[in-house]
Amino acid sequence: MSASAVQSAAANVCDAVVVGAGFAGLYQVHRLQQAGYRVRAFEKGSDVGGTWYWNRYPGARCDIESICYSYSFDEALQREWRWPQRYAEQPDILRYLQHVAERFDLRQHFAFNTAIESAHYDETSQRWLVRTSTGETISTQFFIMATGCLSKPLEPKFKGLESFTGEQYQTSRWPHAGVDFTGKRVGIIGTGSSSIQSTPIIAKQAAQLMVFQRTPQFAIPAWNRELTDEEMRTAQESYAELRRLMRQSEVGIDYESPTIGAKEADAESLQKQLEYAWNRGGYLMLAAYPDLLTDLESNKIVSDWVKEKIRARIKDPEVARKLMPEYPLGAKRLCVDTNYFETFNRDNVTLVDLRESGIDGFTAQGIRLENGTEYALDAVIFATGFDAMTGALLSVDIRGKGGLTLREKWQNGTRNYLGVSVAGFPNFFTITGPGSPSVLYNMTASIEQNVDFVSNTIDHLRDHHYASIEAQPREELAWTKYVDWISKQTIYTKVKSWYNGENVNGKPAGFMPYAGGGLTYFEFVRQAVDEGYRGFTLAS
Ligand code: N01
């Protein structure tokens with residue numbers, strides 16, 4: 001064998017393959033390479049960033065306050081980074097992740113512009129054979145999907161779309177150079193977070209904007225603003241305490257909430273508390289009362305109050321009626337906005353209510369509704385969402401013991417243990433898998449805790465000379481049933497949403513994230529570890 005063949009064969013044998021270069025993949029690679037493992041990492045995009053690499057639409061920003069939306073693992077990193085705004089916008093978050101990649105020299109471990117096509121477990125060698133889109137095959141002991149929850153966009157499927165002669169964009173695949181809509185008639189389909197963030201900005205630029213709405217959404221003002229030097233300095237100096245408080249909460253952020261439910265509050269204190277929550281803004285509205293996500297009566301009190309606030313932002317009562325959400329506040333992912341509802345007061349913005357007549361399809365000139373109404377467009381934007389939580393995992397041909405595919409295993413719904421491990425798929429980990437709190441928790445904080453779990457587990461196997469770990473089928477079933485049961489104690493199951501897969505045709509319905517709270521979840525994980533990896537099989 002030539003020297004270069006030996007070198008390339010060595011590169012194709014490693015301890016761990018990590019997929020994804022977002023918050024999860026970057027930290028996972030950092031932890032493993034710090035501990036001396038041979039790591040290969042792969043990313044479909046041309047650089048680091050994950051969600052924040054792809055979602056470059058105008059107005060994209062996080063809905064968790066910036067100072068909480070960052071890594072906690074390195075004190076110097078958190079002390080040196082300065083967030084410009086209360087809610088960081090996409091370019092700042094991307095800059096942060098690029099900074100992290102440079103600071104810890106992580107890019108050297110990644111192959112960019114490279115997708116993972118398959119990962120097959122070989123029972124004889126107890127290793128995964130991972131194949132890439134560039135034709136490489138890698139043999140690895142551990143296979144880690146750090147692919148995020150909202151990384152597989154739904155492809156727009158509309159009759160006649162191929163005949164449309166205007167420009168087409170997707171919020172989750174926005175051109176890096178940006179788009180100039182000046183003077184154009186623009187249509188945006190969808191009214192989830194991506195649309196709610198981009199609509200006000202596009203409306204200011206376009207000649208006309210038509211917003212095609214199938215389901216009206218709740219959005220709470222972000223009250224975004226610049227962070228002062230003083231605020232940032234205080235945060236930097238007290239990060240240790242802030243992180244401790246974040247980890248003590250069920251959602252991974254530091255907030256206060258009253259101890260009584262909304263339905264127990266008297267009228268005066270209710271009004272005061274709701275105004276307070278509204279003025280804190282954004283996602284913190286859900287912390288107005290502790291029972292909003294579990295008690296429909298309490299939720300209705302607050303939902304009705306929020307609807308009045310929304311109504312007051314819209315001048316035309318008929319437009320306001322059409323924009324009014326009809327489901328419990330927070331049951332679909334709560335949107336955080338800046339001037340969304342006010343945008344419908346502009347003369348160049350039209351709300352098209354698809355509940356009156358749905359989209360029939362596209363013509364060469366634009367969109368035609370089922371009732372025959374046509375909207376001429378120069379450009380259309382699809383803000384139509386994602387195959388959430390499982391989309392990215394199932395887009396890889398993952399096969400465990402006996403050649404069983406993950407898709408077959410999950411054909412009737414997701415099954416795993418603690419959201420991280422799947423029975424029959426040894427040494428395979430998901431960082432933000434279904435069955436973990438992920439999107440119901442501060443993502444950066446849940447990622448860090450699960451990466452720590454995976455990294456510590458790999459260390460444990462190495463130190464105790466085990467070759468593999470996998471979930472036990474009985475514990476997996478118990479966890480899956482528990483995740484389902486706990487979701488039914490909440491209002492999340494009262495409406496169709498991407499949380500329960502009902503936005504994707506043919507996807508098995510079932511609430512995917514763990515809804516019992518992050519604090520509780522991480523305690524389950526800790527206990528399982530303390531009890532010698534209870535629920536897992538460790539094999540030599
Ligand atoms: O996607 P969505 P998103 N015809 O699924 C509509 C995160 N995120 O990209 O509700 C007409 O929420 C669909 O209608 P309906 C955040 O977690 C975070 O906006 O299914 N309409 C809906 O209105 C968020 O929740 C931030 O009836 C169609 C919209 O398209 C998640 O990503 C920012 C349609 C899809 O909304 C997803 O948000 C952005 C059709 N055929 C995103 N198909 C932050 O702030 C779909 N729709 C951090």
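1. How far apart do the C-alpha centres of domain 1 and domain 2 lie? They sit 30 Å apart. Keep in mind while looking around that this is a predicted model.

2. To get your bearings, note how the chain is divided: domain 1 takes in 3-152 + 388-539, and domain 2 takes in 161-228 + 249-382.

3. Now for the meeting of the two. On the domain 1 side, 41 residues are in contact with 43 residues of domain 2. About 3500 Å² of area is buried between domain 1 and domain 2, and carbon and sulfur atoms give 54% of that area. Have a look at Tyr-57, Arg-86 and Ile-491: together they supply 21% of the area that domain 1 buries against domain 2, more than any other three residues.

4. Salt bridges next. The rule finds one salt bridge across the interface of domain 1 and domain 2. As for named pairs, Arg-333 and Asp-63 meet through their side chains in a salt bridge, at 3.0 Å from N to O.

5. A helix pair is worth a look too. Helix H15 (residues 443-463) and helix H17 (residues 518-530) have axes that come within 12 Å and cross at roughly 10 degrees. H15 and H17 are therefore roughly parallel to each other, as the angle is under 35 degrees.

6. Which residues make that contact? H15 brings Ser-446, Gln-449, Asn-450 and Phe-453, while H17 brings Tyr-521, Phe-522, Val-525 and Val-529. Sorted by class, the contact of H15 with H17 has five nonpolar residues, three polar ones and no charged ones.

Notes: Residues numbered from 1 in each chain as written. Predicted model: local features only at pLDDT ≥ 70, side-chain atom pairs only at ≥ 80, totals over all residues. Heavy atoms only, no water. Axes fitted to C-alpha atoms, helices over the stretch in contact; angles between N-to-C directions. Helix = DSSP H or I, 4+ residues; strand = E, 2+ residues; numbered from the N terminus. Parallel < 35°, antiparallel > 145°, perpendicular 65-115°, else oblique. Contact = heavy atoms within 4.5 Å. Nonpolar A, V, L, I, M, F, W, Y, C, P; charged D, E, K, R; others polar. Domains from an automatic or database assignment. Buried area = accessible area lost by both parts, 1.4 Å probe. Salt bridge = Lys/Arg side-chain N within 4 Å of Asp/Glu carboxyl O.
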